[in-house]
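Welcome! Let us look together at the aromatic rings and the nonpolar cores of this model.

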Amino acid sequence: MRDLEIRDDRAAGRLEAVSGGEVVGRIEYFVLDSPERALVPVHTIVEPAHEGQGIAGALARELYGIAGREHCAVAPLCPYVARWSERHPDEAPPADQALLTAAKGWLTEHPGRF
């Protein structure tokens, strides 16, 4: 998709893919502070009319790019992002199990967030 812009709405916990002024996809995430700082993607959503155009992959790539620039980890709880990271180990360092466990615990403690 040529005119895709990806923007980080950190306050809302969304990484958004925008095309033609319309949000066509997003990753919903939160920031974990302990045991280390991490971005935790929970859901990846692409609008049906825009599926199959590489939007989800572009969002996952940018999420890992942001984490790299911010010197933090990514703890993928979103199944799509977890699979994407397995296919792109050069761009997506694996999260350790303690971090994934802490991220799952955070979700349990905040049941209405996602």
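Y64 and W84 are both buried, where buried means under 20% relative accessible area, exposed over 50% and partly exposed in between (1.4 Å probe, protein chains only). This is a predicted model, in which local features need pLDDT of at least 70, side-chain atom pairs count only at pLDDT 80 or more, and totals for chains, interfaces and linings use all residues. Residues are numbered from 1 along each chain as its sequence is written, and side-chain values use heavy atoms, without hydrogens and water.

Rings of Phe, Tyr and Trp (its six-membered ring) pair if their centres lie within 6.5 Å; planes under 30 degrees apart count as stacked, over 60 as edge-to-face and the rest as tilted. That rule gives three aromatic pairs, among them these two:

| Pair | Centre to centre | Angle between planes | Kind |
|---|---|---|---|
| F30 and F114 | 6.0 Å | 45° | tilted |
| Y64 and W84 | 5.8 Å | 25° | stacked |

F30 counts as buried at 5% relative accessibility, whereas F114 is partly exposed at 28%. Together with W106, F30 and F114 make up one aromatic cluster.

Now for the cores. A nonpolar core is a set of buried Ala, Val, Leu, Ile, Met, Phe, Trp, Tyr and Cys residues joined through side-chain atoms within 4.5 Å. The largest one has 21 residues, and L15 and L39 touch the most other members. Helix α1 contributes the most to this core, with eight residues; helices here are DSSP runs (H or I, at least four residues), as are strands (E, at least two), numbered from the N terminus. A second, separate core has 11 residues, including A38, V40, A103 and W106.
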